[in-house]
Amino acid sequence: MTKLSFQLYSARNFQPYSAIFEKLGKAGYSEVEGFGGIYAELDDAGLKSLRADLDKNGLVMATGHFSPDFLENNVQQSLLIAKTLGMDSIYAPHLAADQRPADGAGWLAFGKRLQEMAKPYKDAGYEFGWHNHDFEFAKLADGSLPIERIFEGAPGISWEADIAWVVRGGGDPFAWIEKLGSRITAVHVKDIAPAGENKDEDGWADVGHGTLAWPKLIAALKATNAKHYVVEHDNPSDIDRLIARSIASFKTY
């Protein structure tokens, strides 16, 4: 079975993380994905302590999210974080609404920025890519999509495909897997609740308990370069339920 990872952002409201690591290890997860809120402010001792806590529970932080600004302005610290925690892949995860370009030229320029941003990390041997949300699939005035312009401007980076956000953005996930499959090196595995359900969880669902055709999606993704499958839920109400049900579903795919 493919190793299953867990995006720790999903557990931000269920502290401490030490307890989350224990739950994940016992449930059968082997990897986690970090984000800036976990490690951006840690010193060397703090990073080593975090690594020890992961090791104790049989987990490795194989992938990590870092904001574009942090990746640009804190190269050595980003590399230290990735090395200490055992990462092999680094992904820029998001662009705040007030920073998003308004046209195709702006998104192309952002892609070029990512291409440049990636250099020191790729030179150090890390996979480097972009993680999408829904806004990259909103059509621009020239008829193009931000996701197209980003990857046009950054031919050397990969894609951590968040399939549920592709769907929420109005995209056909199978078409995008086919179109950009050679770019996909990691996948966010999450689900969307049926319309009107799980309103207290922003309409998200545990993997296998929503509307996405995950068995077919996993089959399609096997033709890509995806090596990390990361469970995520942006606003779960029950972390134990999310952890248990998601890995149980994934094991059947």
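**Strands, helix and rings**

Author: Happy to, and please keep in mind that this is a predicted model.

Reader: How many bridges join E2 to E3, and what is the partner of Val 32 in E3?

Author: E2 and E3 run parallel, and the bridges that join them number four. For Val 32, the bridge partner in E3 is Met 61.

Reader: Is strand E3 mostly covered or mostly open?

Author: E3 spans residues 60–65, and five of its six residues are buried. That makes the strand mostly covered.

Reader: Which residues of H1 are buried, and why do they line one face of the helix?

Author: The buried residues in H1 are Tyr 17, Ile 20, Phe 21 and Leu 24. Looking down the axis of H1, you find these buried residues within an arc of 100°, so they line one face of the helix. An α-helix has 3.6 residues a turn, so residues three or four places apart point the same way. The arc to remember for the buried residues of H1 is 100°.

Reader: Which elements do the buried residues of H1 pack against?

Author: Two strands are among them, E1 (4–6) and E2 (31–34). The helices H2 (36–39), H3 (44–56) and H11 (239–250) are packed against as well.

Reader: How many aromatic pairs does the structure hold, and why is the pair of Tyr 17 and Phe 21 stacked?

Author: The structure holds 14 aromatic pairs. In the pair of Tyr 17 and Phe 21, the ring centres are 6.4 Å apart and the planes lie at 25°; planes under 30 degrees apart count as stacked, so this pair is stacked. Both residues sit in helix H1 (residues 17–27), four residues apart, about one turn of the helix.

Reader: Is Phe 21 buried or exposed?

Author: The cut-off for buried is under 20% relative accessible area. Phe 21 has 1% relative accessibility, so it counts as buried.

Reader: What kind of aromatic pair do Phe 137 and Trp 176 form?

Author: Their centres are 5.3 Å apart, with 80° between the planes. Planes over 60 degrees apart count as edge-to-face, and the pair of Phe 137 and Trp 176 is edge-to-face.

Reader: Which parts of the chain does that pair tie together?

Author: Phe 137 is in the loop between strand E5 (127–131) and helix H7 (146–153), while Trp 176 is in helix H9 (residues 173–180). Phe 137 is buried at 7% relative accessibility, and Trp 176 is buried with a relative accessible area of 10%. The pair therefore ties together parts that are 39 residues apart in sequence.

Reader: Which residue lies over the face of Phe 135?

Author: Phe 135 is part of a cluster, linked by ring pairs, with Trp 107, Phe 110 and Trp 130. At 3.7 Å from the ring centre of Phe 135, the residue over its face is Arg 100.

Reader: Is Gln 99 buried, partly exposed or exposed?

Author: Gln 99 has its place in the loop between E4 and helix H6 (104–123). Its relative accessible area is 41%, so Gln 99 is partly exposed.

Conventions: Residues numbered from 1 in each chain as written. Predicted model: local features only at pLDDT ≥ 70, side-chain atom pairs only at ≥ 80, totals over all residues. Heavy atoms only, no water. Phe/Tyr/Trp six-rings, centres within 6.5 Å; stacked < 30°, edge-to-face > 60°. Buried < 20%, exposed > 50% of the residue type's maximum accessible area, 1.4 Å probe, protein only. Lys NZ or Arg CZ within 6 Å of the ring centre and 35° of its normal. Arc of directions from axis to C-beta. Contact = heavy atoms within 4.5 Å. Pairing = 2+ DSSP bridges.
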